[in-house]
Amino acid sequence: MDVLNGSVLTVDGIIDGYVCIENGKVAAVEEGKPPEKPLASGMVIPPMVNAHTHCADAGLKVPPGMAVEDLVAPPNGLKHVYLKGLDDRALEKNITEYARSSFSNGIGAFIDFREGGEKGCRVLRKAVREAVIMGRPLSEEYDEHEISRILDVADGIGLSSISDMDHRYIEKIADQVRTRGKLFSLHASERIREDIDFILSLDPAFVIHMTEAADSDILKCAESEVPIVVCARSNMYYRKTPPVKKMLAFGADIALGTDNAMMGSPDMRAEASAFRDILLSQGGTLDDVIGPMFSNGRKILYTHKKVHISVGMPADLTVLPYSGEFSMDGVLRERGKAFRYDPKRRNSIEF
Ligand SMILES: [Zn+2]
């Protein structure tokens with residue numbers, strides 16, 4: 001039997017206790033002192049899902065204070081010029097290092113908006129098996145065959161925004177993604193308010209940002225059960241503040257994403273710290289960080305997997321370090337490596 005102890009994320013909240021693992025499965029979740037020496041101590045959680053990334057631009061150094069369109073708008077934003085100039089080896093290196101850093105921070109999967117068409121998706125799939133890939137077509141005209149080839153390797157399609165593209169083009173892509181049973185998503189109301197009725201008509205699995213959304217737009221997302229992925233550090237770079245307290249008050253599910261690798265480390269603790277600061281400034285509480293940080297990204301991805309730790313589930317678990325007594329602030333402050341328990345090998349994974 002293996003034991004992980006500390007603070008355990010259960011469906012009833014975080015308990016002070018331990019998890020026993022037998023034959024790769026969670027055999028017990030108990031409060032109190034562990035029965036034997038634990039393999040690792042800290043905040044015991046299922047591996048986190050980073051719900052929005054662009055991993056390929058990890059090597060780009062961003063000058064401070066650039067406008068969002070100058071930096072990331074296709075095709076001439078600095079990021080796209082950088083990606084076009086990147087050879088395959090440099091791209092693979094960016095991606096591999098980004099993934100390694102993600103895993104060592106307790107992230108089990110990241111949902112990546114991969115630029116560069118089918119080829120861009122293949123590079124990521126080859127480098128990182130666990131990546132959830134949202135491809136982006138290169139063709140400016142709707143090309144059924146290109147979308148089909150992207151969906152052969154990717155998990156879905158992720159578009160920049162409805163402001164950058166013809167609506168009919170976006171609708172055709174969204175229809176094709178739905179027919180294939182894959183994920184469709186896009187950035188929404190990041191720079192300017194966009195037509196939420198049109199966005200929701202595309203049946204997105206989730207939308208990203210909503211920094212410029214009106215109250216009614218947020219409410220519509222909540223009513224349609226479309227989660228909102230908040231990228232607080234990325235928004236702060238552009239001097240935007242996501243209305244996170246309102247999102248919660250209206251009942252929207254919030255997941256967190258670290259967005260562009262060039263701006264934010266793949267560390268949900270750093271991301272959640274920025275989210276917490278905004279949330280508290282808007283009158284929210286620290287408890288409201290737990291769902292967005294630990295559970296809601298998993299909900300987007302795994303309809304068949306548990307988001308909390310319970311008896312019988314595969315012991316694919318992560319332990320985030322913290323020092324001293326447990327506090328969410330302590331977990332968010334810590335930058336040490338996470339411990340990952342692998343149920344197949346029945347021990348820890350070295351990153
Ligand atoms: Zn993005």
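Analyst: Leu83 has a relative accessible area of 15%, which means that it counts as buried, a word used here for under 20% relative accessible area, with exposed for over 50% and partly exposed for the range in between (1.4 Å probe, protein chains only). This is a predicted model, in which local features need pLDDT of at least 70 and side-chain atom pairs count only at pLDDT 80 or more, while totals for chains, interfaces and linings use all residues. Residues are numbered from 1 along each chain as its sequence is written, and side-chain values use heavy atoms, with hydrogens and water left out.

Leu83 belongs to helix α2, which covers residues 78–84; helices (H or I, at least four residues) and strands (E, at least two) are DSSP runs, numbered from the N terminus. When residues up to four places away in sequence are set aside, Leu83 touches Ala56, Asp57 and Glu115, where contact means heavy atoms within 4.5 Å. Between the C-alpha atoms of Leu83 and Leu248 there are 36 Å in space, and the two residues are 165 apart in sequence.

In the loop between α1 (68–72) and α2 sits Pro75, and the peptide bond that leads from Pro74 to Pro75 is cis, with omega near 0°.

With a relative accessible area of 11%, Asn94 is buried, and a polar atom of its side chain lies 2.9 Å from the backbone oxygen of Ala56. Such a pair is within the limit for a polar contact, namely N or O atoms within 3.5 Å, where within protein one must be able to donate a hydrogen and the other to accept it, and residues adjacent in sequence count only if both atoms are side-chain atoms. Beyond four places in sequence, Asn94 touches Cys55, Ala56, Ala58, Gly59, Tyr82 and Leu86.

Asp2, in strand β1 (residues 2–10), has a relative accessibility of 19% and therefore counts as buried. Its side chain is joined to that of Tyr341 by a polar contact of 2.6 Å.

Next comes a pair of helices. Helix α4 (residues 117–127) packs with helix α5 (residues 144–153) at an angle of about 5°, and their axes are 9 Å apart; axes are lines fitted to C-alpha atoms, for helices over the stretch in contact, and angles run from 0 to 180 degrees between N-to-C directions. The angle makes α4 roughly parallel to α5, given that angles under 35 degrees count as roughly parallel, over 145 as roughly antiparallel, 65 to 115 as roughly perpendicular and the rest as oblique. On the α4 side, Gly117, Glu118, Cys121, Arg122 and Arg125 take part, and they meet Glu146, Arg149, Ile150 and Val153 of α5. The residues of this contact divide into three nonpolar, one polar and five charged, where Ala, Val, Leu, Ile, Met, Phe, Trp, Tyr, Cys and Pro count as nonpolar, Asp, Glu, Lys and Arg as charged, and the others, Gly among them, as polar.

Helix α5 also holds Ser148, which is partly exposed at 24% relative accessibility. Leaving aside neighbours within four places in sequence, Ser148 is in contact with Gln176 and Arg180.

His209, in strand β10 (residues 206–209), has a phi near 90° and is buried, with a relative accessible area of 0%. Met210, in the loop between β10 and α8 (215–223), has a positive phi of about 60° and, at 0% relative accessibility, counts as buried.

Helix α11 (residues 268–281) has 14 residues and reaches 20 Å from its first C-alpha to its last, close to the 20 Å expected at 1.5 Å a residue, the expected span being 1.5 Å times one less than the number of residues. Eleven of its 14 residues are buried, so that α11 is mostly covered; among them are Met268, Phe275, Ile278 and Leu279, together with the charged residues Arg269, Glu271 and Arg276. At the N-terminal end, Asp267 caps α11 through a side-chain oxygen that lies 2.8 Å from the backbone nitrogen of Arg269. Gly283, whose phi is positive and near 95°, follows the helix α11.
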